[in-house]
Amino acid sequence: MVEPVPESVNFPLEEEKILNLWDVKDCFQECLKQSKNRPRYTFYDGPPFATGLPHYGHILAGTIKDIVTRFAHQSGFHVDRRFGWDCHGLPVEYEIDKTLGIKGPEDVAKMGIAEYNKQCRNIVMRYSNEWETSVKRMGRWIDFKNDYKTLYPWFMETVWWVFKQLYDKGLVYRGVKVMPYSTACNTPLSNFESNQNYKDVQDPSVIVNFPLIENEQISLIAWTTTPWTLPSNLALCVNPELLYVKVKGEEKQSKLLIFPGKVLKGKKYKPLFQYFVKLGEKGAFQVVVDNYVKEEEGTGVVHQAPYFGADDYRVCAEYNIIQRDQAPICPVDASGCFTSEVTDFAGQYVKDADKNIIKWLKENGRLINASTFKHNYPFCWRSDTPLIYKAVPSWFVRVEHMVQKLLDNNGKCYWVPEFVREKRFGNWLRDARDWAVSRNRYWGTPIPLWVSDDFEEVVCVGSMAELEELSGVKVTDLHRESIDNLTIPSRCGKGVLRRVTEVFDCWFESGSMPYAQVHYPFENRKEFEDTFPADFIAEGIDQTRGWFYTLLVLSTALFGKPPFKNVIVNGLVLASDGQKMSKRKKNYPDPTLIVQNYGADALRLYLINSPVVRAENLRFKEEGVRDVLKDVFLPWYNAYRFLVQNVQRLQKEEDIQFLYNESTAKQSDNIMDKWIQSFTQSLIQFFKAEMDAYRLYTVVPRLVKFVDMLTNWYVRTNRRRLKGESGTEDCLWALETLFSVLFSMCRLMAPFTPFITEMMYQNLRHLVDPASLEEKDTSSIHYLMLPQVRERLIDKRIESAVSQMQSVIELGRVIRDRKTLPVKYPLKEVVVIHQDPEALKDIQSLQKYILEELNVRQLTLSTDKDKYGIRLRAEPDHMVLGKRLKGAFKAVTASIKELSSEQLEAFQKTGSIVVDGHELHEEDLRLMYTFDQSSGSAAQYEAHSDAQGHLVPSDEITVYYRCQPEGEYLDSVIQAHKDFILATTKAPLLPFPVPKSASTIIEEKTQLKASDLELTIVKGSSAPLAPLNGPACSYVNVRVKVNNKQQEGVVLLENPRGDNRADFDKLKKACSSIFGTNDTQLRFFSGATELTGKADLHSLSGKTLSVTSGSASLSPAPTTDALLCPYINLMLCNAQPAECQAGEVATLLLANPAGQNALDRSGLLSEAAKVFGLRGRRLRLYLDQDLTQVKSLDTKTLFVRVSPTTAEA
């Protein structure tokens, strides 16, 4: 029997009751049992670390995963949902090192690996209970009992199998490579790890002299920001083409000689330190040349410490100063401290040693200058300490050879939003480098390579059974303490093979999880192969360089196919001020308290109904969660309560037992019943289509709108019918309609808000005829399938009619508010004027609702504006026209106000009108309806039309106001209640004037209490932008001679500034496209030096390159400081770039090649939209932020403003 519904509700408390219900009935496991024979829907859950507590990013990703997998289940699939734990790697070891005060490998050796790993194992699941509690409290259904952990031996065994497949395919090699290195964690990091945490830092900046052996009175001077690398200096490098100057005296008054860098090649110099002086016999301490040296920074002389810089290593190896197979000259240990070789600074941490090295240089007469230098520098993502670059012997997986395969497989995946696939992820794949998978650590899956002392004999082990067979020892665990002592007899007479000491990068383990979580191929072979790739995964946008990447690399290498079919990428959840959430700053509310105060459903819906589901960032605001309760859940709950009240009243007063059966329910004749049924079915249709396309961000706004339609329109306008005031039969129709809609809505919303829908369903299910449900077990809403679309109930004509009615009622309410006439005061007449007779028929059919809602006695409909003295009038846009027309503005304004209603109606149709010789367009004028003051209507009627600005709660706006006369009653009220107004509008309230550069959303004037109130709502304005001198983006001029045809043009090396930076391959493709050289092999020269794939193009910005084909002879290109093509800079004013672009300043070439492919105005707009990722948006170009119109493109900077979309307008 249906239970009474209390008037008030505590949603968090009700959610706790539902959690208890789910536990008692074991609902999640019951769901899995019910669906076990259905088609499989595969979902992979990326494993988090349990060494930290869950935060909003985890909650968001978990909510997305829960919604999609619940939807899949309710759509007729079986969905296994297993929780995974990342148990190995730096996060765990770093915690232990901090706790036990471990500084480096020596401390671990003293303790023993077995004890160290035991300590790690003890904290791995430190917060697992908190995680399980948090995940369950958020309503997420996922299996914790049947989980996977990366420390399980069977998981590790599959990781070994994955590695052996790569090894057998020749994709594994050992190399020495200068890599980002974390001294706090004693391990190298992969290229994608090192890109995760950059910071602006002040580093020492020193200039040091290097006297030449041939004449110690002459010194080369070199600049560095890493003085700690100077003890390892083995060479100096200059650019062969740059011009160098020989000067005399400290003030450099006397220039003695100017010469190219290549003149210095081979010259010997006096070493700074004596630590490695013997290497001079092998070619060290000489000047070498390479194009990577830039003139933009430093002295043009770069000191070479080959084992602490990638370019240094490459150049010194090319000059045979070092050999690739020699013992590294690397006097820095795993903790970043100098070894005993560097006698003056032995034991000192390198960054701490900087000041002592500078002191030594000064005392020994080698220091020219010492200062500091601010630059962007990488920090360890785990320990938040500065990385150093250090040569480390590592094991690599070859990736560079399969970049095209990676791109092809990425193209087979469906990404939401789509631009992440092409832009952020696609760009990362195009620049993919070989992956260093080894870590010099302890707590991880050991790399299964057993090698001879000289590394010439290598055995890769792919399973526990294989290791048992080769070693003759029973194996039960695969961690280092269990297998490091196992040896394998050599087959080549080299004694015994021992395991290499490294363990896997934990990203290798998480990238292996599709196979390892099911112990493939040792178990579940068929089940895995039948369901791979996964149907769905979801994580944050930061995983484009993490989990998404490692999944794709391994699946491409192993199976040649992508690892997943569909992926949703979410953005980042930031603090309300736009800063990163920080425990230290305490700049965000505790998620646990938010759930305690508002409930998990409110938090879920707030997160999903935000830009964060489109891979954009969300500024988390607690009031946003509160508004979900106020604006969505409470009205919905009240509609549910109202239904139950009237069902119980019907039983009590009429002795009628209400029982709903969809198949036997009679079709109502009431137009509002038909409307809400049609609206509901349209919603179900839309919901299924959008959810099938994984577009959660389009679904939630429609669901929220539906709650408004149900509560504020259907229930409100049908209260009397639902109460039985229009007869029992009509009451039953209304109750069946309301029940049908609420029941459908609960099933639709169940994946999004699992608690409130379950709460309502547990009561509503007593009103459902059991015979009408297909499901055998109906004791939870989450056992039910989604409602099917009943297309016969969809009537778009009725939906349109009710929409017209709603417009009339809303306009009428505005007029009442304007005249401060409460609804309780009846009015004689409402007149609706519309040009479309069909619209008037629709309005007529709903007359009784209009009369009732507006409390008027008569509804008059007309197409005749003139009869009521209604005319159009125009107001100029002062900001736009004032700047453009200057002196003529006053006269044109007077003429605009004299335009007749007929002229303005024609303007409405054509979009343009000529006033005093000036052509005006839609953006120049604002049209409004008013009364002809000479008619009698002006005194009798008040008018309002349905033009308005559409805003959503997440829009950031500013409200400007002006009262006339100033300081009167209304102004004092605004000042007295400013805090209340701010809390209500959630936007700053500022007095006029409105900044000229502001993007106006809507303006309105009204009269209140004898004061004129003028309000203007604008989008947040930005700080003034200054025009640029010269091109905003780096570029090279290009002179091409191919097939006896000469052309010249420009290649932009980035666009927008800082984005889409070009490398050598992109330069070749760009030239081929611009100059139509097709498949011709091109050669590029800067001066006489041929460029290679290693060239640093951005150091050549502004230079002129010569391009020829094959072995064609080269004529040096005449140099020029100016671009060879006309250009224009663009500055984005009132919007953010989209499609993963970040730069707001760009450069467009108005022709390219020179004199060809000229851009006209429309082409310029199209290219501007592309470069800022704003395709599909309407742009306008101005000469400045005061919106001066562009008369010609003969300028250097244009300001780009984005027009609002239809939804924003």
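The model is predicted, with local features needing pLDDT of at least 70, side-chain atom pairs counting only at pLDDT 80 or more, and totals for chains, interfaces and linings using all residues. Residues are numbered from 1 along each chain as its sequence is written, and side-chain values use heavy atoms, with hydrogens and water left out.

Helix H1 takes in residues 11–25; helices (H or I, at least four residues) and strands (E, at least two) are DSSP runs, numbered from the N terminus. Phe11, Pro12, Glu15, Ile18, Leu19, Leu21 and Trp22 are buried (under 20% relative accessible area, with exposed over 50% and partly exposed in between; 1.4 Å probe, protein chains only). These buried residues fall within an arc of 160 degrees, so they line one face of H1; the arc is taken from the directions from the helix axis to the C-beta atoms. On the other side, Asp23 and Val24 are exposed. Just after H1, aspartate 26 has a positive phi of about 50 degrees.

As for the sheet, 4 strands make it up, open and with mixed pairing, in the order E42-E41-E44-E43. Two strands pair if DSSP finds at least two bridges between them. At the edges lie E42 (1145–1149) and E43 (1179–1182), each pairing on one side only. E41 (residues 1127–1132) runs antiparallel to E42 over 5 bridges, and tyrosine 1127 has leucine 1149 in E42 as its bridge partner.

Note on methods: The expected span of a helix is 1.5 Å times one less than its number of residues.
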